[in-house]
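Please keep the sequence at hand as you read.

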Amino acid sequence: MLVIGLTGGIGSGKSTVAEMFAALGVPVIDMDHIARHVVEPGQPALTQITHEFGTNVLGADGHLNRRRLRELIFDSAEKRRRLEAILHPLIRQETERQLAKLDTAYCVIVIPLLLEANQRSLVDRILVVDVPETLQITRTMQRDGASTEEVQKILVAQMDRNSRLAAADDVIDNSAGLEKTRIRVAELDQQYRCLASSNP
C-alpha cells in the first residue's frame, strides 16, 4: 500500500484537502483526530499530562483545555518536548493499528508535524499543503479566535515554509480557491493510483 503523508503549517488547509481525498474514496487517517482521542477523560495520556503540567490544563468538565495547554507549551520548547514524549508514541501506535486494517491501493495520513517530529518512516511520499504565512495567520485567527502573537508562536515552533516545501514530493497550493485545490487533489489521486499499481 502506498502511504501519503499529508502535512502543512497551521491554517494551511490540511483538513480541507483531506476531506477532498476522502470524497474520492481514499482512506484518510488523521493524526489530529487520534491526538484528540488519546487525551479524552479516562485515557492514560490525560493522566500523564495532568501529572506533568498540573490540573490547571483541565477544564471544569474534566476535559483537556487544549488552548490553555497550547499557551503553556508554546512558551517553552522544553515543555513542548515533554508533551510530545507523552503523546507521540500513543498517536503513532494508534496510527499503525489503523494502517494495518486497511486493504487499499493507497491511503493518506494527515500528520501536522510530519517533518518536525521525524515521522517520515510512516510514509512513502510527502504531500505539503502550502499557503503564504500571512494567510496562515489570518485563517488560524479566524478559526481559533487566537491572537496574532499566539499564531506567530506556533509558526516559530513549526518548520519554516521553505524547508517544508524543500522536503515535499508533491505540493498543493491552497491559496487560489477551493476549486483549484479540488482539481489538484483529483490530479494527485490519479498519480497516486498509478504509482500504487506500478509498485505492488
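A salt bridge here is a side-chain nitrogen of Lys or Arg within 4 Å of a carboxyl oxygen of Asp or Glu. By that rule, ten salt bridges are counted. Before we look at some of them, a word on the ground rules: this is a predicted model, in which local features need pLDDT of at least 70 and side-chain atom pairs count only at pLDDT 80 or more, while totals for chains, interfaces and linings use all residues. Residues are numbered from 1 along each chain as its sequence is written, and side-chain values use heavy atoms, with hydrogens and water left out.

How far can we trust the coordinates? The predictor's confidence in each residue, pLDDT, runs from 0 to 100. The protein averages 90, and 99% of the residues score at least 70. Confidence is highest in strand β3 (residues 106-110), at 98, and lowest in α7, at a mean of 79. Helices (H or I, at least four residues) and strands (E, at least two) are DSSP runs, numbered from the N terminus.

Let's begin with R82 and E52, which form a salt bridge whose closest N and O atoms are 2.6 Å apart. R82 belongs to helix α5 (residues 77-100) and E52 to helix α3 (residues 44-53), so this pair ties together parts that are 30 residues apart in sequence. For accessibility, buried means under 20% relative accessible area, exposed means over 50%, and partly exposed lies in between (1.4 Å probe, protein chains only). R82 is partly exposed at 28%, and E52 is also partly exposed, at 33%.

E96 is partly exposed at 38% relative accessibility, and R92 is partly exposed at 23%.

Now turn to R161 and D130, a salt bridge with its closest N and O atoms 2.8 Å apart. R161 lies in helix α8 (residues 161-167) and D130 in strand β4 (residues 125-130), so the pair ties together parts 31 residues apart in sequence. Here R161 is partly exposed, at 32%, whereas D130 is buried, at 9%.

Taking contact to mean heavy atoms within 4.5 Å, and leaving aside neighbours within four places in sequence, V171 touches L127, V128, D130, L165 and R184. V171 is partly exposed, with a relative accessible area of 31%. Its C-alpha atom is separated by 27 Å from that of E94, 77 residues away along the chain.

Finally, the open space. On a 1 Å grid over the protein atoms alone, a pocket is an open set of points where a 1.4 Å probe fits, with protein on both sides within 12 Å along at least five of seven lines; lining residues have an atom within 4 Å of a point. Points are joined across faces, edges and corners, and a volume is the space filled by probe spheres set on them. The largest pocket holds about 1,200 Å³. Of its 39 lining residues, D32, R66, R70, P112 and L113 are the closest to its centre. Helix α5 returns here with the largest share of the lining, six residues.
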